[in-house]
Structures are given as C-alpha cells and as structure tokens.
Amino acid sequence: MLGWTTKSYNRIFLNLARVLRTAGTSSEILRVTLSGLSGESSAWPTDAQFSEAWLSGNAYELTSPKVVHILRRVGEEHLTNLSERITIDSPLTVEHIMPQNWLEKWTLPSGEKGLSGTELWEAKPDDSKAVATKRRNDLVQTFGNLTLVTQALNSTVSNSAWITKRPALMSASLLPINQQLHEHVTWDEEAIQKRGKDLLNKALKLWLGPSL
C-alpha cells in the first residue's frame, strides 16, 4: 500500500529471530526492535505514513486476500460486548461501493457526468470536470470505498447506483462493516473520505506503529 520495497525482509526477519532468541519473546521487544529500523527498505511505517497511504493510496493494488483480511479485521472492531458473535463461512469478495465504472450511473458532485478516459486525456488541466473526475477515480480505489460481500451479491449490485446498492447491502449482508453504511443516504467523495477516516481509526488501534 505504501509502495515500499520488500527486498530486505529476509534479513529483517533473520535478525529479529536472533534478537527474540536472545532477549526473549514479547510484544514489547518485538515492537522496540522493529522501531529501531530505518531506511525505506527496512523501516516500520509511522502512523502518519500509514494514515496517508490508507486515505489516499490505491488499496485495490493489494492482492484480494490481503484486502479481505484487512477489512474483516477492521470490521470486527465495530463489535462491542453487546454484539452477537456471528461466524461468516461464506467466501467474501472485495466490492467497490462506488463502482470503478461509475460514469453511467453516478454523477459528479456538481450533477454533471464525469469524463471518460479519452476526454480526460484531451481536457485542460484546469477543467473543473476533469479535476473532479480524477479526484473521484483516485478515491474509488481507497479503503474508504471498499467493502466485503459474497460473490453472488457482488454480481447483483456491482455497478448499480447507490439508491439500488444501499438497500441490497442492508438486507443481504450481516457484516458490521456494511451495516454501518445505513447512515449514508448519499455516497460521494465526502462519504468515502469520512468512512476512510473511521476505518483508519480502527486500523491504527489494531496495528500499532513504531514506539516513540
């Protein structure tokens, strides 16, 4: 997601194994050791770096199993001690809430239709529709716009407008990460950014960054 190289991972984990054998295995020793690494090929991303990538990076570039795992774990953070514990046995797929192919059924915030690839290529840099289209294309790929559904539901609602997709998600999915969507009467750039921040807050509690 951050686009950092993984070429040094073998060396990092070999060194980590030596440290843990010597100093003992504990989450604190693990965190301190990883926090001491530096350089793009070795460093542990800070909360600020992780947050920037989460909110603006192309999450869909990750493999589907990784995105499914991340969203399932973050989704579980919506549960409280008042919530039932439900086991989901169905295979889940990654769904774009606002479709990647949004041009036909999702207008821009201005109410205008977005630009196609060719139109974007030909548009002037300061063209307001081009700017809005590019911004939307970027946000569509972020975690704020991704969720989990069964393959059957995915095939049914994939490119639908929000007025169709929202009730389908509410009635067919028991996942907390989808039930939270009921508050969004409209689904637009503002909604994507808000949900992205909500999910990020849960992710930061799940996966701690380097110790200071």
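The lining of the second largest pocket comprises 10 nonpolar, five polar and four charged residues; Asp, Glu, Lys and Arg count as charged, Ala, Val, Leu, Ile, Met, Phe, Trp, Tyr, Cys and Pro as nonpolar, and the others, Gly among them, as polar. This is a predicted model, in which local features need pLDDT of at least 70 and side-chain atom pairs count only at pLDDT 80 or more, while totals for chains, interfaces and linings use all residues. Residues are numbered from 1 along each chain as its sequence is written, and side-chain values use heavy atoms, with hydrogens and water left out.

On a 1 Å grid over the protein atoms alone, a pocket is an open set of points with protein on both sides within 12 Å along at least five of seven lines, a cavity is a set where a 1.4 Å probe fits but cannot get out, and lining residues have an atom within 4 Å of a point. The second largest pocket has 19 lining residues, and Leu 79, Ile 86, Leu 174, Leu 175 and Pro 176 lie nearest its centre. Helix α4 gives the most to this lining, with four residues.

The largest pocket is lined by 31 residues, with Leu 2, Tyr 9, Trp 44, Pro 45 and Phe 50 nearest its centre. Its lining divides into 20 nonpolar, eight polar and three charged residues.

The lining of the largest cavity is formed by Leu 55, Leu 139, Thr 142, Gly 144, Ile 192, Gln 193 and Gly 196. Three of these residues are nonpolar and four polar, with no charged residue.

Note on methods
Helices (H or I, at least four residues) and strands (E, at least two) are DSSP runs, numbered from the N terminus.
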